[in-house]
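The sequence and the structure are shown first, and the description follows.

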Amino acid sequence: MAEDSPKRRKANFNEAETEVLIEQVLKHEQLLFAAGPGRASAGQKRKVWELIRHKVNPVAACPRDVEDLKKRWRDLKRRDRSKLCRLSQGCGPPAPPALGLLLAPEELPPAAAAPPA
């Protein structure tokens, strides 16, 4: 019956996995993301991602492959960028009123952090 069951998704990244991923990517950021004449070849980048995978998997809830790690890194960058955009004034539509429930007080824009008079 196991053959008939659909493929299940992997477990979410836990905090330890995310920390190791961020630490390792930032450590090798120049090699992975540099542009210009001194940039690394695709083979060198693949080796670095494999190294990162070997650092993340010991603390992982389930085995991760390189594509999982790249996707998680992209998602982390996108989430940080969108959070910064929402917090900056004049970037896109105003933040919804419920934003205060999702963000810590120090993350709220100055206008949203002040109680109404």
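## Basis of the description

A residue is called buried when its relative accessible area is under 20%, and exposed when that value is over 50%. By this criterion, the buried residues of helix α4 are Val66, Asp68, Leu69, Arg72, Trp73 and Leu76. Viewed down the axis of α4, these buried residues lie within an arc of 165 degrees, so they line one face of the helix. The model is a predicted one.

## Overall organisation

The chain contains six helices and zero strands, and its elements follow the order α-α-α-α-α-α from the N terminus. Of the 117 residues in the chain, 24% are buried.

## Helix α4

Helix α4 comprises 22 residues, which at 1.5 Å a residue should span 32 Å; the end C-alpha atoms are 32 Å apart, in agreement with that expectation. The buried residues of α4 pack against α1, α2 and α3. On the other side of α4, Arg78 and Arg81 are exposed.

## Helix α3

Helix α3 covers residues 42-56, and its 15 residues should span 21 Å at 1.5 Å a residue; the end C-alpha atoms are 21 Å apart, which agrees. Which residues of α3 are buried? They are Val48, Trp49, Ile52 and Val56. Seen along the axis of α3, the buried residues fall within an arc of 100 degrees, so they line one face of the helix. An α-helix has 3.6 residues a turn, so residues three or four places apart point the same way.

The cover over the buried residues of α3 includes α1 (15-27), α2 (29-33) and α4 (66-87). Arg46, Lys47 and His54 are exposed on the other side of α3.

## Contact of α3 with α4

How are α3 and α4 oriented where they pack, and at what angle? The angle is about 90 degrees, and the axes are 9 Å apart. Since angles of 65 to 115 degrees count as roughly perpendicular, α3 is therefore roughly perpendicular to α4.

From α3, the residues Trp49, Glu50, Ile52, Arg53 and Val56 take part, meeting Val66, Leu69, Lys70 and Trp73 of α4. By class, this contact has six nonpolar, no polar and three charged residues.

## Contact of α1 with α4

Helices α1 and α4 pack at an angle of about 85 degrees, and their axes are 11 Å apart. This makes α1 roughly perpendicular to α4. Thr18, Leu21, Ile22, Val25 and Leu26 of α1 meet Leu69, Arg72, Trp73 and Leu76 of α4. By class, the contact of α1 with α4 has seven nonpolar, one polar and one charged residues.

## The loop between α1 and α2

The loop between α1 and α2 contains His28. Is His28 buried or exposed? At 17% relative accessibility, His28 counts as buried, because the cut-off for burial is under 20%. Apart from neighbours within four places in sequence, His28 is in contact with Val48, Leu51 and Ile52. Of these, Val48 and Ile52 are among the buried residues of α3.

Key. Residues numbered from 1 in each chain as written. Predicted model: local features only at pLDDT ≥ 70, side-chain atom pairs only at ≥ 80, totals over all residues. Heavy atoms only, no water. Helix = DSSP H or I, 4+ residues; strand = E, 2+ residues; numbered from the N terminus. Expected span 1.5 Å × (residues − 1). Buried < 20%, exposed > 50% of the residue type's maximum accessible area, 1.4 Å probe, protein only. Arc of directions from axis to C-beta. Contact = heavy atoms within 4.5 Å. Axes fitted to C-alpha atoms, helices over the stretch in contact; angles between N-to-C directions. Parallel < 35°, antiparallel > 145°, perpendicular 65-115°, else oblique. Nonpolar A, V, L, I, M, F, W, Y, C, P; charged D, E, K, R; others polar.
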